[in-house]
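Biologist: I am new to this structure. Could you take me through the local features and say how each label is reached?

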Amino acid sequence: MKKIAVIGSGTMGNGIAHVFAQNGFNVSLVDISEDALQKALGTISKNLDRIIAKGNLTEEQKQETLGNISTYTSVQEGVKEADLVVEAATENVDLKLKIFRDLDSFAKPEAILASNTSSISITKIASVTNRPDKVIGMHFMNPVPVMKLVEVIRGYSTSDEVTAQIMELSKQLGKIPAEANDYPGFVANRILMPMINEAIYSLYEGVAGVEEIDTIMKLGMAHPMGPLQLADFIGLDVCLSILNVLHDGFGNPKYAPCPLLVNMVQAGHKGAKSGQGFYSWTHGTKELVVADRFKKK
């Protein structure tokens with residue numbers, strides 16, 4: 001596999017395109033918005049500059065990486081020659097099903113179709129295609145150029161051959177793949193999201209403040225960032241969506257999202273991307289400032 005198409009040029013999509021391009025693959029980056037594509041190329045360029053500043057890349061290698069990326073606003077044009085398509089669109093089941101119907105029509109019959117979904121069933125996605133054996137999950141972690149893990153999710157019909165190909169491909173990207181079966185939340189979010197939800201409940205019930213909860217988890221459990229800070233970075237709307245998938249999929253009340261999380265998302269406080277969550281991000285992401293609502297009186 002040398003020709004890769006990535007659907008969606010947001011945070012995850014541009015990161016996935018970056019990693020493939022830096023490792024010598026020809027990448028077609030597809031988005032309906034030309035402005036979004038240009039913004040993605042700018043982000044990739046800045047991220048490559050950071051790697052150059054650390055002495056791990058040359059300017060020539062940066063230009064080669066950028067030269068490996070072509071942009072398209074047409075899905076049909078962007079995927080027609082791809083050996084692998086990686087979908088990295090918004091975490092919305094109806095949107096993903098529509099995209100995979102289109103990919104099944106436009107991509108080569110032998111092409112593998114992968115989703116970067118963090119929680120939506122690979123089996124369900126595969127069911128709208130005529131190639132369920134060639135549909136698989138490639139759940140990259142954010143930020144993609146830095147994080148080593150790729151959670152590889154086998155749908156009910158995903159073949160052994162396709163799984164082996166994607167495991168090997170992930171290693172070619174310098175990543176460490178870990179295989180999981182297709183059940184709600186897979187492994188990463190089935191474990192992570194209840195922890196985040198419990199942290200939100202701890203705040204909601206007055207057990208401790210934002211800073212205290214995160215400090216205890218960072219210093220006591222050796223987490224690089226606390227669960228509330230992490231929730232802000234993931235996006236509180238994304239956390240809510242994943243918890244709803246877990247709750248619907250298992251029917252177990254332990255996955256029910258905390259009412260505080262629901263209210264925050266409905267109020268538009270979605271974390272770093274909206275400027276407000278458990279922390280205030282209006283001054284950037286370098287400084288941790290607890291949001292006014294959660295500051296101690």
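Biologist: Which residues does the UniProt annotation "domain: 3-hydroxyacyl-CoA dehydrogenase C-terminal" cover?

Modeller: According to the unreviewed UniProt entry, residues 185–281. UniProt positions are given in the numbering used here, feature names are shortened, and annotations may be inferred rather than shown by experiment. This is a predicted model, where local features need pLDDT of at least 70, side-chain atom pairs count only at pLDDT 80 or more, and totals for chains, interfaces and linings use all residues. Residues are numbered from 1 along each chain as its sequence is written, and side-chain values use heavy atoms, leaving out hydrogens and water.

Biologist: What is the helix and strand content of residues 185–281?

Modeller: The span is 62% helix and 0% strand, and its end C-alpha atoms lie 28 Å apart. Helices (H or I, at least four residues) and strands (E, at least two) are DSSP runs, numbered from the N terminus.

Biologist: Why is F186 called buried?

Modeller: Buried means under 20% relative accessible area, exposed over 50%, and partly exposed in between (1.4 Å probe, protein chains only). F186 has 4% relative accessibility, so it counts as buried. F186 sits in the loop between β8 (176–181) and α8 (188–204), and has a positive phi of about 55 degrees without being a glycine.

Biologist: Why does A222 count as exposed?

Modeller: Its relative accessibility is 67%, therefore A222 counts as exposed. A222 lies in the loop between α9 (210–221) and α10 (227–234). A222, also not a glycine, has a positive phi, near 60 degrees.

Biologist: What is the peptide bond from N142 to P143, cis or trans?

Modeller: That bond is cis, with omega near 0 degrees. P143 is in the loop between β6 (135–140) and β7 (149–154).
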